[in-house]
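Please look through the sequence and the structure shown here, and then follow the explanation below, which goes from one part to the next.

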Amino acid sequence: MTPLLQIGAYEVPVRYRPDVCIIGAGPSGVAASIAAARLGLSVLLVEKYGFSGGATVAGLSGTICGLFSSGKNPEQIVFGFADEFYQLLQARGGVSKPVKFGNTALVPHDSLKWKETADDLLVANRCTILYHTHFLKAFTDPAGSITSLLLKGQEGQFAVEPGFVVDASGDAEVVHSVSGTTYLGNNGLVQSPTMIFKMGNVDLSAFMALDPSELNSMIAEADRSGKYRLPRHHVYIFPLPNSGEVLCNMTRITYDNGNIPLGTVSAEMTFAEIAGRKQAREYARFLTEQVSAFRHAYMCDTGVQVGIRQTRSIVGKARLMNEDVVNAGKSRHAVTFSAWPIELHSAGEVKIHCLDNDYYDIPFETLIPQNAINLLVAGRCMSAEHEALASARVTAQCFGMGYAVGAACGLMLHENITANDLNGMMVKEWMKQHHLKNTYEQ
């Protein structure tokens, strides 16, 4: 007989009692699931879409950023689970060769093969996956420990009674639900969303000969001419693994008054989706009419949803500060690190601040909500200043954060301690003892 949980005047069935429940199957959620499962924990991974990947797949960002060093000749410096996933994608033919990005590099990937790689990895590690399932609310006991989660699947509402919870939603949904302290960007100002799109049947030899700065100048001139409406002039275009396909990160979505739509408000997300598709179509028109490499190309897809770079951030046990990134700060408590630039998308043009032949550390304590008992976060809702987050939120670092958080759930269970008792040195030592490679290890 299925046990029932009383919620107000309603009773809902309790369907799962996992050691750890992870909300969100983006890079950080997938990594957390695998680490916890490799330590023998029972894992329930909850995702609102029908696939894993989060913004990198649903938002079609389509690149693994943050693997490489900064400098004249970028080399891979981030390993651990991020490298494991990268190698699995390579084995499927799911990535292109690394592409220069400023003074570092990134790796374009195929979104379908990303989904398949995650599926196979999660299934092989015996994680229980619930796609098409929405997180609704978390409930706590008087001490503040999360006792149950209310979810909604295709079959209706049900409850989960987890030992530990990882908020990998990107939006700090669980933390927000239990009234944990969060904030939005820089006094409410967040980075602008982008509707990324793909072009097919591109002349790749002509495309590879394009000068990015010349393309940016052409876009600016076309926008000024009034023939096209192209609000963003600093754009990124990358070749994808599939022949003739190119990923276009070109749009910038704001209201007419320059305000940025919020990813935590449905009406504003709806505006961003509709405006984003229209804007993507306009950029595609410019490309096919004005750039010879795209003369016979066509727009073949947009993201499943508009790409959201920033919503809620937690107030954590520690905070990644702007000066930590700019000054390449190091920490004994680091569980991952990055040489990715501060890549700030606002209502104006894109602003890039590059690290010069160095990297900065991300302490584990940035993933611990204040006074947390059995709750950790991973991914872009980490505790960070506005500009610092514009660097730390990328894929390779989300993999590293998630893997450390999943491992930490095993440590908390084994030692019978709370999230607030944790520190990065403890987590790194625990990972070492259990042969879970962190991002520093090849």
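Predicted model: local features only at pLDDT ≥ 70, side-chain atom pairs only at ≥ 80, totals over all residues.

Strand β14, which covers residues 197-200, and strand β17, which covers residues 298-302, run antiparallel and are joined by four bridges. Strand β14 is also joined by three bridges to strand β16 (residues 246-249), and these two strands run antiparallel as well; here the bridge partner of Lys198 is Leu247 in β16. In a regular strand the side chains alternate between the two faces of the sheet. Both faces of β14 are covered, with Phe197 and Met199 buried on one side and Lys198 and Gly200 buried on the other.

Cysteines are the next topic. A disulfide is a covalent bond between the sulfur atoms of two cysteines, and a pair is counted here when the two sulfur atoms lie within 2.5 Å. By this rule the model has zero disulfides. Cys300 takes part in none, since the nearest cysteine sulfur, which belongs to Cys248, is 8.9 Å away. With a relative accessibility of 33%, Cys300 counts as partly exposed. For Cys354, the closest cysteine sulfur is that of Cys65, and the separation of 13 Å is too far for a bond. Cys354 likewise counts as partly exposed, at 32% relative accessibility.

Leu355 lies in the loop between β21 (351-353) and β22 (360-363). Is Leu355 buried or exposed? Its relative accessible area is 5%, and because the cut-off for buried is under 20%, Leu355 counts as buried. If its neighbours within four places in sequence are left aside, Leu355 is in contact with Ser70, Asn103, Val325, Ser338, Ala339, Trp340, Pro341 and Tyr360. Thr254, by comparison, is 101 residues apart from Leu355 in sequence and 29 Å apart from it in space, taken from C-alpha to C-alpha.

The sheets can be taken in turn. Strands of a sheet pair through backbone hydrogen bonds, either parallel or antiparallel. An open sheet of three strands has antiparallel pairing and the order β5-β7-β6. Its edge strands are β5 (63-65) and β6 (99-101), each of which pairs on one side only, and the twist from one strand to the next averages 40°. Strand β5 and strand β7 (residues 104-108) run antiparallel and are joined by three bridges, and the bridge partner of Thr63 in β7 is Pro108.

Another open sheet has five strands, with parallel pairing, in the order β8-β4-β3-β12-β23. The edges are taken by β8 (128-130) and β23 (375-377); each has a single partner strand, so one side of each is left without a neighbour in the sheet. On average, and with direction ignored, neighbouring strands of this sheet are turned by 20° against each other. Strand β4 (residues 43-46) and β8 run parallel, joined by three bridges, and in this pair Leu45 stands opposite Ile129 of β8. Helix α11 packs on the sheet, where it touches β3, β12 and β23, and its direction makes about 165° with that of β12. Helix α1 lies across β3 (20-23), β4 and β12 (164-167), and runs at about 170° to β4.

Helix α1 itself spans residues 27-38. At 1.5 Å a residue, its 12 residues should span 16 Å, and the end C-alpha atoms are 17 Å apart, which agrees. How many of the 12 residues of α1 are buried? The number is 11, so α1 is largely enclosed by the rest of the structure. The buried residues are Pro27, Ser28, Gly29, Val30, Ala31, Ala32, Ser33, Ile34, Ala35, Ala36 and Ala37. Just after α1, Gly40 takes a positive phi of about 90°.

On the side of α11 the contact is made by Tyr403, Ala404, Ala407, Ala408, Gly410, Leu411 and His414, and on the side of α12 by Met426, Val427, Trp430 and Met431.

Note on methods
Residues numbered from 1 in each chain as written. Heavy atoms only, no water. Buried < 20%, exposed > 50% of the residue type's maximum accessible area, 1.4 Å probe, protein only. Pairing = 2+ DSSP bridges. Axes fitted to C-alpha atoms, helices over the stretch in contact; angles between N-to-C directions. Expected span 1.5 Å × (residues − 1). Contact = heavy atoms within 4.5 Å.
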